[in-house]
Every structure is written in structure tokens, then in C-alpha cells.
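The sequence and the model are shown first, and the account follows.

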Amino acid sequence: MNTNEIEVGECYVRRRAGAIRQVFEITPDGIVRYRAYGLDSREYVNSGSCSTNAFSNWVERKATPEEISQLSVPKTYAD
């Protein structure tokens, strides 16, 4: 995936890592901040950040609407 295809509010999957990342910020200097969820459990795991280049290399595909709807978003992040 190209770096310019990464969007705030979107979710991305890497099956080999067993993870879904939900992008909540892209800083002006190109840092992607995300929340990570287990691909199978859909449970929140942690938050992290990396460069847009590293994120685009990590991504295998966008998450499906079904995968996104099943995420267990912590109450502090629900809004």
C-alpha cells in the first residue's frame, strides 16, 4: 500500500501478525498513531506509532466492514 493511501479513521490488517490497526492520527511529520487489535479476538491490544513508510510496509490490506464492526473498542476510545 502506498503511504498516501493511509487514512485517519481507517483500519488495516496484517494477517501474518494477527492484527488490525486503527489509525487515529497522522502527524504533519509523517508519524502514524494507531490502536492495535487482535485479528481473531477483535480485542484491544495496545497503541503505537511508526512512520508512514513503516506502516505502509506493514499493511497487507484494508479491514473489511465486518472486521471493523466486531472490534472491541475501549470505552475511553469510543467517541
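## Cysteines

A search of the whole structure finds zero disulfides, a disulfide being a pair of cysteine sulfur atoms within 2.5 Å. Cys11 is in no disulfide, and the nearest cysteine sulfur, that of Cys50, is 15 Å away. Cys11 counts as buried because its relative accessibility is 1%; Cys50, at 16%, also counts as buried. Here buried means under 20% relative accessible area, exposed over 50%, and partly exposed in between, with a 1.4 Å probe and protein chains only.

## Basis of the model

This is a predicted model, in which local features need pLDDT of at least 70 and side-chain atom pairs count only at pLDDT 80 or more, while totals for chains, interfaces and linings use all residues. Residues are numbered from 1 along each chain as its sequence is written, and side-chain values use heavy atoms, with hydrogens and water left out.

## Aromatic pairs and charges over rings

The count comes to four aromatic pairs. Rings of Phe, Tyr and Trp (its six-membered ring) pair if their centres lie within 6.5 Å; planes under 30 degrees apart count as stacked, over 60 as edge-to-face and the rest as tilted. Tyr37 and Tyr44 form an edge-to-face pair, because their ring centres are 5.8 Å apart and their planes stand at 75°. Tyr37 is buried at 0% relative accessible area, whereas Tyr44 is partly exposed at 28%.

Phe55 and Trp58 make a tilted pair, with 5.9 Å centre to centre and 35° between the planes. Both residues are buried, and both lie in helix 1 (residues 52–58), three residues apart, about one turn of the helix. Ring pairs link Tyr12, Tyr34, Phe55 and Trp58 into a cluster. Arg21 lies over the face of Trp58, at 4.0 Å from the ring centre, and Arg35 lies over the face of Phe24 at 4.3 Å; the rule requires NZ of Lys or CZ of Arg within 6 Å of the ring centre and within 35 degrees of the ring normal.

## Two buried polar residues

Gln22 belongs to strand 2 (residues 19–26) and is buried at 16% relative accessibility. Its side chain makes a polar contact with that of Tyr37 at 3.3 Å. A polar contact is a pair of N or O atoms within 3.5 Å; within protein, one must be able to donate a hydrogen and the other to accept it, and residues adjacent in sequence count only if both atoms are side-chain atoms.

Glu67 lies in helix 2 (residues 65–69) and is buried at 7%. The side chain of Glu67 reaches the backbone nitrogen of Thr64 at 2.8 Å. Helices (H or I, at least four residues) and strands (E, at least two) are DSSP runs, numbered from the N terminus.
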